[in-house]
Amino acid sequence: MTVINLLVSEKSYRLDRYLSSELPDLSRSRIQQLIEQGHVLLNDQICTSKKINLKVGDRICLEIPSVQPLELVAEDIPLDILYEDEQLLILNKPAGLVVHPAPGHPDGTLVNALLAHCPNLPGIGGVQRPGIVHRLDKDTTGAIAIAKTDIAYQHLQAQLQAKTARREYLGVVYGVPKTESGRIDLPIGRHPHDRKKMAVVPTEQGGRTAITHWQIRERLGNYTLIHFQLETGRTHQIRVHSAKIGHPIVGDAVYGSGRSVGVNLPGQALHAWQLKLQHPVSGEWIQVTASPPDTFTTLLEVLRRRNVGQC
């Protein structure tokens with residue numbers, strides 16, 4: 001890792017413009033990416049807003065992570081295939097499976113499994129994330145789409161950006177919302193003090209628009225099964241939004257309360273239940289439903305029995 005310390009000694013600049021002028025070897029987009037990812041400290045505080053205006057005397061510390069090229073190796077990891085043709089693949093991802101290699105997870109990922117299943121995948125959508133159009137957190141289960149061709153990759157990404165693709169989730173939360181349904185419109189960005197986490201962050205401080213729709217599916221005593229629909233797809237969006245409104249996802253060690261529900265869960269009780277998208281070549285609509293894992297259904301059964309016993 002390279003660390004660069006700067007002291008602002010001239011008139012006010014926007015943060016990204018100042019860093020671009022001081023560090024000509026880095027592109028503006030790379031600098032903005034480093035800011036968004038929490039690699040910039042302004043007066044000893046993480047700053048994720050590229051638009052913030054600097055003052056004379058401000059201290060900046062920029063950390064540039066070392067480039068660690070990852071050698072992707074095909075691995076024979078079983079895949080639960082929900083749909084497949086020559087253009088795309090839709091899988092039911094299990095808990096514990098990281099989507100793509102990264103520091104700390106160089107192998108054993110979904111990408112490693114995909115390379116064994118689809119030998120022609122490398123290069124589609126990026127060398128390190130071949131075919132990955134969207135992602136699911138390590139412990140979030142359910143439907144995830146993979147592009148098998150460049151045409152499919154571009155088309156699926158365009159659907160996500162245009163919000164025509166529908167991603168629907170089931171999650172069990174602590175507590176019971178006061179209304180049957182709702183819409184959460186709160187911007188999300190890198191946590192100001194912990195770069196490994198996301199948080200609700202004002203747009204002027206680097207937060208990006210994030211909208212989640214939700215509806216109660218089942219009341220389970222002091223817990224609730226909720227149907228979530230994503231309008232945007234920010235990192236950890238459902239988990240951050242749920243925690244912010246006071247109903248964190250059960251089993252979420254990062255954003256949750258840490259309370260035990262009495263069921264051994266591999267992670268947060270959040271499942272990508274349905275995925276609807278347009279086929280990149282035929283134009284036909286494809287909708288798949290991913291069955292929740294046994295741990296999710298067991299959790300529901302336990303909570304239902306408890307709820308009956310309390311009635």
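Asp85 is buried, at a relative accessible area of 16% (buried means under 20% relative accessible area, exposed over 50%, and partly exposed in between, with a 1.4 Å probe and protein chains only). The structure is a predicted model, in which local features need pLDDT of at least 70 and side-chain atom pairs count only at pLDDT 80 or more, while totals for chains, interfaces and linings use all residues. Residues are numbered from 1 along each chain as its sequence is written, and side-chain values use heavy atoms, with hydrogens and water left out.

Asp85 is placed in the loop between β5 (81–84) and β6 (88–93); helices (H or I, at least four residues) and strands (E, at least two) are DSSP runs, numbered from the N terminus. When neighbours within four places in sequence are left aside, Asp85 is in contact with Lys148 and His279 (contact means heavy atoms within 4.5 Å). A polar atom of the Asp85 side chain lies 2.8 Å from the backbone nitrogen of Gln87. Between Asp85 and Arg59, 26 residues apart in sequence, the C-alpha to C-alpha separation is 54 Å.

Side chains of opposite charge can pair when their charged atoms come close. The model contains 13 salt bridges, a salt bridge being a side-chain nitrogen of Lys or Arg within 4 Å of a carboxyl oxygen of Asp or Glu. In one of them, Arg28 pairs with Asp16, with 3.8 Å between the closest N and O atoms. Because Arg28 belongs to helix α2 (residues 28–36) and Asp16 to helix α1 (residues 15–22), this pair ties together parts that are 12 residues apart in sequence. Arg28 is partly exposed, at a relative accessible area of 37%, whereas Asp16 is buried, at 0%.

A salt bridge also joins the side chains of Arg219 and Glu180, at 2.3 Å from N to O. Arg219 lies in strand β12 (residues 211–220) and Glu180 in the loop between β8 (166–174) and β9 (181–185), so the pair ties together parts that are 39 residues apart in sequence. Arg219 counts as partly exposed at 38% relative accessibility, and Glu180 counts as partly exposed at 47%.

Strand β12 also contributes Glu218, which forms a salt bridge with Arg304, the closest N and O atoms being 2.9 Å apart. Arg304 is partly exposed, with a relative accessible area of 34%, and Glu218 is partly exposed, with 23%. Elsewhere, salt bridges that share partners join Arg135, Asp137, Arg239 and Asp252 into one network.

The count of disulfides is 0, a disulfide being a pair of cysteine sulfur atoms within 2.5 Å. Cys47 is in no disulfide, and the nearest cysteine sulfur, that of Cys61, is 13 Å away. Cys47 is buried at 7% relative accessibility, and Cys118 is buried with a relative accessible area of 8%.

The largest nonpolar core has 42 residues (a nonpolar core is a set of buried Ala, Val, Leu, Ile, Met, Phe, Trp, Tyr and Cys residues joined through side-chain atoms within 4.5 Å). Ile90, Leu110, Leu114, Ile146, Tyr169, Phe228 and Leu277 touch the most other members. Strand β7 (residues 141–147) supplies the largest share of this core, 5 residues. Beyond four places in sequence, the contacts of Phe228 include Tyr169, Val173, Trp214, Ile238, Ile249 and Leu270.

Technical notes: A polar contact is a pair of N or O atoms within 3.5 Å; within protein, one must be able to donate a hydrogen and the other to accept it, and residues adjacent in sequence count only if both atoms are side-chain atoms.
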